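These notebook entries record what I looked up, beginning with the chain as a whole and ending with one residue.

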Amino acid sequence: MRKSPVLPLVALAALAVFAGTAFAQTPPKKPDIAGTWLGAAVVSEDDSQIEITVVISKTEVGYAGKLSDASGMISEAELRKIVFKDNTLSCEFDLVEPTGITLIEIEMALENDTLKGIWSSPVGDSGTIEIKRQR
């Protein structure tokens, strides 16, 4: 008796359809901001920049982070109110200056491994900020 090649072909086609639907239902990977980021922030009207480092880690309830700069003006400022939603990171920290403490708010959009946006203070100071994830 001769074996029919139809049954193995049908089984193979069914497996291919099943595998295809299993892969198609895998949700896309959500972007994550945890890691070390290096870059610069414009800090004056003449476009002077400071080199900054931002370290963000995941916690049980969201994110934690610290920001520092290469010049020592900002020595590991604790980031607060870290929210990452719709590829946008927002946070704030206190900038300690000789004249007092200034609240700095940051909002940046994630594109690939770069966060770009603005920082601002309640008194109207602001500038751009761009940091890249370190691998």
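I count a residue as buried when its relative accessible area is under 20%. The model I examined is predicted. With that cut-off, I found that buried residues make up 25% of the 135 residues in the protein chain.

Entry on surface. I looked up the accessible surface of the protein chain, which comes to about 9700 Å². Carbon and sulfur atoms account for 58% of that surface.

Entry on secondary structure. I noted one helix and eight strands in the protein chain. Reading from the N terminus, I recorded the order of elements as α-β-β-β-β-β-β-β-β.

Entry on contacts. I considered the contacts in the protein chain with a separation of 6 or more; residues 24 or more positions apart account for 24% of them.

Entry on Ser 48. I then turned to a single position. Where does Ser 48 lie? I located Ser 48 in the loop between β1, residues 35-42, and β2, residues 49-59.

I next listed the contacts of Ser 48, leaving aside neighbours within four places in sequence: Ala 41, Val 42 and Val 43. Separately, I noted a polar contact of 3.3 Å between the side chains of Ser 48 and Ser 44.

Finally, I checked Ser 48 against Gly 127. The two are 79 residues apart in sequence, and I recorded a C-alpha to C-alpha distance of 9.9 Å.

Note on methods. Residues numbered from 1 in each chain as written. Predicted model: local features only at pLDDT ≥ 70, side-chain atom pairs only at ≥ 80, totals over all residues. Heavy atoms only, no water. Helix = DSSP H or I, 4+ residues; strand = E, 2+ residues; numbered from the N terminus. Buried < 20%, exposed > 50% of the residue type's maximum accessible area, 1.4 Å probe, protein only. Contact = heavy atoms within 4.5 Å. Areas by Shrake-Rupley, 256 points an atom, 1.4 Å probe, with all protein chains shown as cover. Polar contact = N/O pair within 3.5 Å; in protein donor to acceptor, adjacent residues only side chain to side chain.
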